[in-house]
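Subject: Structure handover

Dear colleague,

Here is the structure you were expecting. Please have it open while you read the notes below.

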Amino acid sequence: MNRISTFRAALVALLPLAAIALADPAPAQSPPAASPSPAASPSPTPTPAPSATPVPPPAETKSPADSPAAAQTPAPPPAAPVQTADPFGEPFTLEPKKVVALKGNANWDAAFDAVIDAFKALTAQLDKQGVKTSGNPMIVYTSTDDTGFTFIAEIPVDQEVKSLGKNMSMGTSPDGKALKFVHRGSYDNMDNTYEAITNHLDDKKLEAKDTFIEEYITDPLKTAEDKLVINVYVPLK
């Protein structure tokens, strides 16, 4: 069974050690004994002192920050952010949205084909009337058994859609408290995700409602199946 794992990065701080050398002061030396003064000699003729020569002022010293090399040194690039894994079982509050909906049913062998066909039918209806979507498409599973399931495909919109096709209607998406899980990969591999979700609910002793919602973050009509990103919401009782 595959589970979503959390990647943990450990940061190790390296602290340099500074060694301080202490030098012992040199012992003081006694001054040499004074030698006897020599006999006085005749005073020499005084020599005139030379005229003072002006000393030029010291040249201005530039600080390292003013040097061209320092000005051209590029700043170090910012550190890359730490990437974390997708949250699994995050508390989430679903907000109600106006949606155009299509009811359907399918067996598990053709589950993804049924989902795609439902989204295609809704998208075609919206395109025909020039209605733009206002959110990600969703699948609400209303009942399941060993052979198949019933569902409602929903696409959020900001206006009423008229002239709806067979099994289509206007409605409101589910709302309330739920847990959010993230699935990445093909639809066929979602069994592993749902098994992990079931184990998570058992471990936390949480009771879920008899429905769950899949929100397709990547467009299922344009994205390769193994590149899908799907948020799974499990409403709680």
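Predicted model: local features only at pLDDT ≥ 70, side-chain atom pairs only at ≥ 80, totals over all residues.

The largest pocket has a volume of about 650 Å³. It is lined by 27 residues, and those closest to its centre are Trp108, Met190, Asp191, Tyr194 and Phe212. Helix H2 (111-129), strand S3 (138-144), helix H3 (190-204) and strand S7 (212-216) each contribute at least two residues to this lining. H3 provides the largest share, eight residues. Sorted by class, the lining of the largest pocket consists of 14 nonpolar, nine charged and four polar residues.

The second largest pocket holds about 280 Å³ of space. Its lining is made up of 18 residues, with Thr123, Thr133, Ile155, Asp219 and Leu221 closest to the centre. Here H2 gives the most, with four residues. The classes in the lining of the second largest pocket are nine nonpolar, five polar and four charged.

Lys180 sits in strand S6 (residues 176-184). Which side chain of opposite charge is nearest to Lys180? It is Glu90, 4.4 Å away. A salt bridge needs a side-chain nitrogen of Lys or Arg within 4 Å of a carboxyl oxygen of Asp or Glu, and Lys180, although buried, has none. Leaving aside neighbours within four places in sequence, the contacts of Lys180 are Pro87, Phe88, Gly89, Glu90, Phe92, Asn231, Val232 and Tyr233. Glu90 is thus among the residues in contact with Lys180, but no salt bridge is counted for Lys180.

Backbone angles

Most residues other than glycine have a negative phi. Two residues here have a positive one.

Asn167 has a phi near 65 degrees, a positive value in a residue other than glycine. Asn167 is found in the loop between strand S4 (148-156) and strand S5 (168-172). With a relative accessible area of 48%, Asn167 is partly exposed.

Lys205 is not a glycine either, and its phi is positive at about 55 degrees. Lys205 belongs to the loop between H3 and S7. Is Lys205 buried or exposed? Lys205 counts as exposed, at 75% relative accessibility.

Regards

Terms used: Residues numbered from 1 in each chain as written. Heavy atoms only, no water. Buried < 20%, exposed > 50% of the residue type's maximum accessible area, 1.4 Å probe, protein only. Lys, Arg positive; Asp, Glu negative; His and termini not counted. Contact = heavy atoms within 4.5 Å. 1 Å grid on protein atoms, 1.4 Å probe; cavity = no way out; pocket = protein on both sides within 12 Å on 5 of 7 lines; lining within 4 Å. Points joined across faces, edges and corners; volume = space filled by probe spheres on them. Nonpolar A, V, L, I, M, F, W, Y, C, P; charged D, E, K, R; others polar.
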